[in-house]
Amino acid sequence: MDVLYFAWVRERIGVPKEVVETQAKTVTDLVEELRGREERYAAAFADLSALRVAVDQELTEFDASLEGAREVAFFPPMTGG
Amino acid sequence: MKIAVQSEPFDLGAEASAFASGHRDMGAIVTFTGVVRDLARGDLDRMVIEHYPGMTLKALEKIANEARDRWSLGDVLVIHRYGDLAPGEMIMMVATASPHRKDAFEAAEFLMDYLKSRAPFWKKEITSDGADWVAAKDEDEDALNRW
């Protein structure tokens with residue numbers, strides 16, 4: 001699936017988007033997989049309370065299912081307006 | 001209903017006039033405009049606004065439709081910019097048209113509160129000292145609870 005990063009999450013991980021082959025069933029499972037990859041992921045995902053997640057472009061929670069998901073995005077709390 | 005996400009500037013007067021015209025039954029038009037401000041230290045060079053292209057329009061439409069469900073609105077306008085903006089430049093505007101003043105004001109405030117915390121935009125301030133992402137405030141999240 002496509003995994004997207006925005007704002008400081010993008011900067012910390014170093015790419016805006018990547019394709020991740022995963023069997024993760026939930027967002028939390030995916031985060032655990034990514035954390036185990038490299039230090040930059042562990043650093044970006046150190047504090048999940050500082051992050052938000054969208055699955056297929058809809059805001060959701062970290063315990064959300066990834067069944068059928070095509071796109072997951074991680075970013076800090078939004079600052080629009 | 002017009003929802004626009006764009007990098008180029010918008011003409012506040014032209015947008016407000018166009019929005020306000022063409023209704024015979026809307027007694028109240030409220031507009032709000034957000035402007036890049038140099039508040040902290042007076043050395044803001046520019047603000048960079050990042051967004052999530054695939055999601056932004058959908059999120060804005062959802063927020064606007066929610067406002068239309070809750071208040072008596074004849075029309076809603078949302079324009080939000082992204083990219084590089086200088087201090088004093090307009091970032092975004094919302095406008096609401098309603099038969100009644102109270103609905104127009106409340107819906108505009110609702111739109112602003114939700115745009116702040118539920119539309120996928122992120123602001124970065126570039127100063128002579130470097131660059132910092134603007135942190136979301138707890139009070140912004142708290143503001144959603146009143147609706």
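Two strands count as paired here if DSSP finds at least two bridges between them. Helices (H or I, at least four residues) and strands (E, at least two) are DSSP runs, numbered from the N terminus.

A word on the model and its labels. This is a predicted model, where local features need pLDDT of at least 70, side-chain atom pairs count only at pLDDT 80 or more, and totals for chains, interfaces and linings use all residues. Residues are numbered from 1 along each chain as its sequence is written, while chains are lettered from A and ligands numbered from 1 in the order in which they are written.

**Chain A as a whole**

Chain A has three helices and five strands, and along the sequence they follow the pattern β-α-β-α-α-β-β-β. Its radius of gyration is 12 Å, close to the 12 Å that the globule rule gives for 81 residues, so chain A is as compact as a globular protein of that length. (That radius is taken over C-alpha atoms, and the rule is 2.2 Å times the number of residues to the power 0.38.) Along the principal axes, the C-alpha atoms of chain A fill a box of roughly 30 × 30 × 20 Å.

**The sheet**

In chain A, five strands make an open sheet with mixed pairing, in the order E2-E1-E5-E3-E4. Strand E2 (17–19) and strand E4 (58–60) of chain A sit at the edges with a single partner strand each, so one side of each has no neighbour in the sheet.

**Meeting chain B**

Which chain do 14 residues of chain A contact? They are in contact with 21 residues of chain B, a contact being two C-beta atoms, placed from the backbone, within 7 Å. On chain A's side, helix H1 (7–13) and strand E5 (71–75) are the elements that give two or more residues.

**Pairings in chain B**

| Strands | Sense | Bridges | One bridge pair |
|---|---|---|---|
| E3(B) (residues 44–51) and E7(B) (residues 121–127) | antiparallel | seven bridges | Met47(B) and Glu125(B) |
| E3(B) and E5(B) (residues 83–85) | antiparallel | three bridges | Val48(B) and Asp84(B) |
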